[in-house]
Amino acid sequence: MELQKSWEQLRATFSELSLTKKMTLFSVIGLTLVGLIVAVALTTKPEYQVLYSGLSPEDSGAVLGKLKEKKIPFRIDQNGSAILVPKEKVYETRMELASQGLPQGGGVGFEIFDGTKLGMSEFMQNVNFQRALQGELMRTINQIEEIESSRVHIVMAARSLFIENESPAQASVVVKLKPQKRLKPDQIKGIVHLVSSSVAGLKPEQVTVVDTFGNMLSEKIREADVYAKARAEQLEYQERIERSLESRVLTMLEQALGPGKAIVRVATAMDFRKQEKTEERFYPDNKVPRSEQVYQESSFKPDKTPSGVPGTPAEIAGKLGSGTTGAETSGFQKHEQTSNYEIGKLVSKTIEPVGKITSLSVAVLVDGSYRKTVGENDQMNFEYVPRSPEEMEKLRNIVMRAVNWNGQRGDEVEVVNIPFDNPDLKPMQEVTDPAWLKMLKQYAGYLQYGFAVLFVLMSFLFVIRPLVQWITSPKPEPAAEPDIVELPKTPSLRELPMMQKASHLLTDNPATLQLLREWLRQGVETEGSVQQPART
């Protein structure tokens, strides 16, 4: 009954409102509802964080399918390559997807054999193995920082009973680099050897690396000049020598002067020519017998030896001859001796070291000392005090000893004393967030609910309530017009007689009245002083 009565009163009140108040009332109710909806939406809106970024379209589709199955809200960003989920579900979702092998990193790996079916032919197994190997290589190559994505294509070696019919394995790698990134020659070599070592029978010469712009990266490495490589090694060696000398001098100075009190730079000129020198010296006075040859010859009368055709005629001729000739004797002797002597000699072979220092230049900056002084308002200052020439000369001699200074080859050492820009002498106050800001960030999640409640409360007190009071207030009755009484007309000062004018003037100006009284008093005193002698 009371509810019906209240409803009737509300209808009566609403019917008495004017059209303007009715429109204002509906506007206030609508704005209030919209504000409440926005406040609730903002307070209950989950904060999204990146689940995965840089995904391929295949991985993005697989991840989104799993999120839809688990009814996890998500957002897509970066043209579909990044997926965002609520903050409180990021790590849980990552672990669940990782247990299912997602994301796969673009391409299928050896997980393709997890669902192997019975009755699969050998050809299909070989194709799946090739796909799995390509996918695993892609995942490994994508882990390089400069590479955004990659594709690997492998042509397996064709086996044959005859060696001449076999074809070698080949592979090609296509890499997509990140913006403003480049692959170093060593990284390209690493990719080539990684692929060649992962495939049986694949040689590094059969691996081609190409970027998405069609540039042959591997060809540049193969065509690298041998002399350029040697030059790079020489520069690296020279830099290593310079850094070693710098470290030797710097550590010594810092231990003597203090950390940050010295700066050392060393420049060297080196000779990388490879020289071999062979020297052979002979000593004629030093004779040593090397060989000796002796030849002797002697002759004597030879015995009679038969000659001619055997038979009777020969024997007869012999007997006849022996009777007619007498005894014959003859002989001679010959002696020859040859001696060979070896002359003493010295053979020396000298190989000059590669990377010999031909000149050395050392530059050293040394900071001075600082003396504390008290300035105005008891402020602590630091006054720079340069080092003495004797101290600088000692430091120079020490540096020359440390770098093995050699004046004959033109070494130079320069030690200069200048003030350093020391930040310790100008302490800067670390800019940190105040405590209230840290606390505000810590409880930001709870504060948004508090702000929503405060917004609703302030809107009700200062907007809705005054408007409702204005709408429901009764229309004020018009006030009665007051009776207008005509006052008597006061004559102006110019219209008054002279005596009244003087009276008004004296009444309105007390100073004028006082002046007239003074004049009258002086006139009376003067008149009395004139009449007194006449009476006597």
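Lysine 71 sits in the loop between helix H3 (57-70) and strand S2 (75-77). In this predicted model, lysine 71 has a positive phi of about 60 degrees although it is not a glycine. A second residue with this feature is glutamine 180, a residue other than glycine whose phi is near 60 degrees. Glutamine 180 belongs to the loop between S5 and H6. The table sets out the accessibility of these two residues together with others discussed below.

| Residue | Relative accessible area | Class |
|---|---|---|
| Lysine 71 | 73% | exposed |
| Glutamine 180 | 80% | exposed |
| Glutamate 96 | 27% | partly exposed |
| Tyrosine 237 | 28% | partly exposed |
| Phenylalanine 272 | 16% | buried |
| Glutamate 242 | 12% | buried |

**Confidence**

The mean pLDDT of the protein is 76, and 75% of the residues score at least 70. Over residues 320-327 pLDDT stays under 50, and the model has one contact beyond four places in sequence for them. Residues 427-431 also remain under 50, with zero contacts beyond four places in sequence. Where pLDDT is low, the predicted coordinates should not be read in detail.

**Nonpolar cores**

The largest nonpolar core holds 21 residues, of which Ile141, Val173 and Val195 touch the most other members. At least two residues of this core come from each of helix H5 (122-142), strand S4 (147-155), strand S5 (170-177), helix H6 (185-198) and strand S6 (207-211). Once neighbours within four places in sequence are set aside, valine 195 is in contact with Leu137, Ile141, Ala171, Val173, Leu202 and Val207. A second, separate core comprises 19 residues, including Leu257, Val364, Val399 and Val415.

H5 has 21 residues and spans 30 Å from its first C-alpha to its last, close to the 30 Å expected at 1.5 Å a residue. The buried residues of H5 are Asn128, Ala132, Leu133, Gln134, Gly135, Leu137, Met138 and Ile141. Among the elements that cover these buried residues are S4, S5 and H6.

**Helix H8 and its partners**

The count of aromatic pairs is two. One of them joins tyrosine 237 and phenylalanine 272 in an edge-to-face arrangement, with 6.3 Å centre to centre and 75 degrees between the planes. Because tyrosine 237 lies in helix H8 (residues 226-257) and phenylalanine 272 in the loop between strand S7 (262-271) and strand S8 (276-299), the pair ties together parts that are 35 residues apart in sequence. Tyrosine 237 is partly exposed, whereas phenylalanine 272 is buried.

Glutamate 242 also lies in helix H8. This glutamate counts as buried because its relative accessibility of 12% falls under the 20% limit. The side chain of glutamate 242 reaches the backbone nitrogen of threonine 268 at 3.0 Å. Apart from residues up to four places away in sequence, glutamate 242 touches Val266, Ala267 and Thr268.

**Glutamate 96**

Glutamate 96 is placed in helix H4 (residues 90-99). The C-alpha atoms of glutamate 96 and lysine 66 are separated by 9.6 Å, and the two residues are 30 residues apart along the chain. Glutamate 96 counts as partly exposed, at 27% relative accessibility.

Technical notes. Residues numbered from 1 in each chain as written. Heavy atoms only, no water. Core = buried A, V, L, I, M, F, W, Y, C linked by side-chain atoms within 4.5 Å. Buried < 20%, exposed > 50% of the residue type's maximum accessible area, 1.4 Å probe, protein only. Helix = DSSP H or I, 4+ residues; strand = E, 2+ residues; numbered from the N terminus. Contact = heavy atoms within 4.5 Å. Phe/Tyr/Trp six-rings, centres within 6.5 Å; stacked < 30°, edge-to-face > 60°. Polar contact = N/O pair within 3.5 Å; in protein donor to acceptor, adjacent residues only side chain to side chain. pLDDT = per-residue confidence, 0-100. Expected span 1.5 Å × (residues − 1).
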